[in-house]
Amino acid sequence: MTPQRVTLITLGVADLARSRAFYAALGWHEHPRSQDAVVFYQIHGAVLGLFGLGPLAEDQGRADAKLGTGAMTLAQNFATEAEVDAAYQAALAAGATGLKAPEKVFWGGYSGYWADPDGHVWEVAMNPFWPLADDGSLTLPEAE
């Protein structure tokens with residue numbers, strides 16, 4: 001078993017139909033195993049799920065919990081600044097809230113942030129120190 005991995009990321013959403021429409025507007029395609037109560041998207045070697053906030057809290061065994069958002073960031077890395085700009089604009093066009101327009105950043109890259117309709121924060125970035133594979137996947141380079 002490989003313990004250092006993530007295979008499924010589930011986002012709690014207030015309105016599943018609204019979130020479904022938002023991710024469709026981003027160009028994401030639902031997996032056929034999606035159901036009325038949960039939506040799945042196959043992503044590079046993992047799955048992103050959308051699940052209602054109440055049902056997610058109940059499934060976690062804490063039905064009365066108030067689940068929050070924004071304390072973590074999901075990120076998409078791109079090969080160029082132009083690709084970052086295009087991804088940011090596509091998210092805004094789909095209905096995302098712009099948090100920080102892409103710009104050159106202190107660590108030497110280029111990044112921006114947007115939030116989906118439930119406040120889940122996404123970063124779009126180009127990191128010149130982390131080259132992407134041809135398929136867009138990221139493997140951190142060895143230390144120098």
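Strand E4 (residues 73-77) and strand E7 (121-126) pair in the parallel sense over five bridges, strands being DSSP runs of at least two residues (E), helices runs of at least four (H or I), both numbered from the N terminus, and pairing requiring at least two DSSP bridges between two strands. Within this pair, Ala75 has Glu123 of E7 as its bridge partner. The model is a predicted one, in which local features need pLDDT of at least 70 and side-chain atom pairs count only at pLDDT 80 or more, while totals for chains, interfaces and linings use all residues. Residues are numbered from 1 along each chain as its sequence is written, and side-chain values use heavy atoms, with hydrogens and water left out.

On another side of the pairing scheme, E7 is joined to strand E6 (110-115) by six bridges, and these two strands run antiparallel. Gly112 stands opposite Val124 in E7, and Ser111 has Ala125 of E7 as its bridge partner. E6 and E7 form a hairpin with five residues between them, and in its turn Gly119 has a positive phi of about 90°. E6 also pairs with strand E5 (residues 97-104), in the antiparallel sense and over five bridges. Here Lys100 stands opposite Tyr113 in E6. E5 and E6 likewise form a hairpin with five residues between them, where Gly108 in the turn has a positive phi of about 100°.

How far are these strands covered? Six of the six residues of E7 are buried, that is, under 20% relative accessible area, whereas exposed means over 50% and partly exposed lies in between (1.4 Å probe, protein chains only). In a regular strand the side chains alternate between the two faces of the sheet. In E7, Val121, Glu123 and Ala125 point one way and Trp122, Val124 and Met126 the other way, and all are buried. Five of the six residues of E6 are buried, so E6 is largely enclosed by the rest of the structure.

In soluble globular proteins, nonpolar side chains tend to be buried together. The largest nonpolar core of this model has 22 residues, and those with the most contacts inside it are Tyr23, Tyr41, Leu50, Trp114 and Trp122; such a core is a set of buried Ala, Val, Leu, Ile, Met, Phe, Trp, Tyr and Cys residues joined through side-chain atoms within 4.5 Å. Two or more residues come from each of strand E1 (8-13), helix H1 (16-25), strand E2 (38-43), strand E3 (46-52), helix H3 (81-94), E6 and E7. H3 gives the most to this core, with five residues. Leaving aside neighbours within four places in sequence, Trp122 is in contact (heavy atoms within 4.5 Å) with residues including Tyr23, Trp28, Leu48, Leu74 and Trp114. Apart from this core lies another, of five residues, among them Val38, Phe51, Ala57 and Leu67.

Leu8 is found in strand E1 and counts as partly exposed, at 44% relative accessibility. Not counting residues up to four places away in sequence, Leu8 touches Val47, Leu48 and Gly49. The C-alpha atoms of Leu8 and Gln42 are separated by 9.4 Å, with the two residues 34 apart along the chain.

Side chains of opposite charge can pair when their charged atoms come close. A salt bridge is taken as a side-chain nitrogen of Lys or Arg within 4 Å of a carboxyl oxygen of Asp or Glu, and by this rule the count comes to four. In one of them, the side chains of Glu30 and Arg20 meet at 2.7 Å, N to O. Glu30 lies in the loop between H1 and E2 and Arg20 in helix H1, so the pair ties together parts that are ten residues apart in sequence. Glu30 is partly exposed at 35% relative accessibility, and Arg20 is partly exposed at 23%. Another salt bridge brings together the side chains of Lys104 and Glu81 (2.8 Å, N to O). This pair links distant parts of the chain, with Lys104 in strand E5 and Glu81 in helix H3, 23 residues apart. Lys104 counts as exposed at 60% relative accessibility, whereas Glu81 is partly exposed at 29%. Glu103 forms a salt bridge with Lys100, their closest N and O atoms being 4.0 Å apart.
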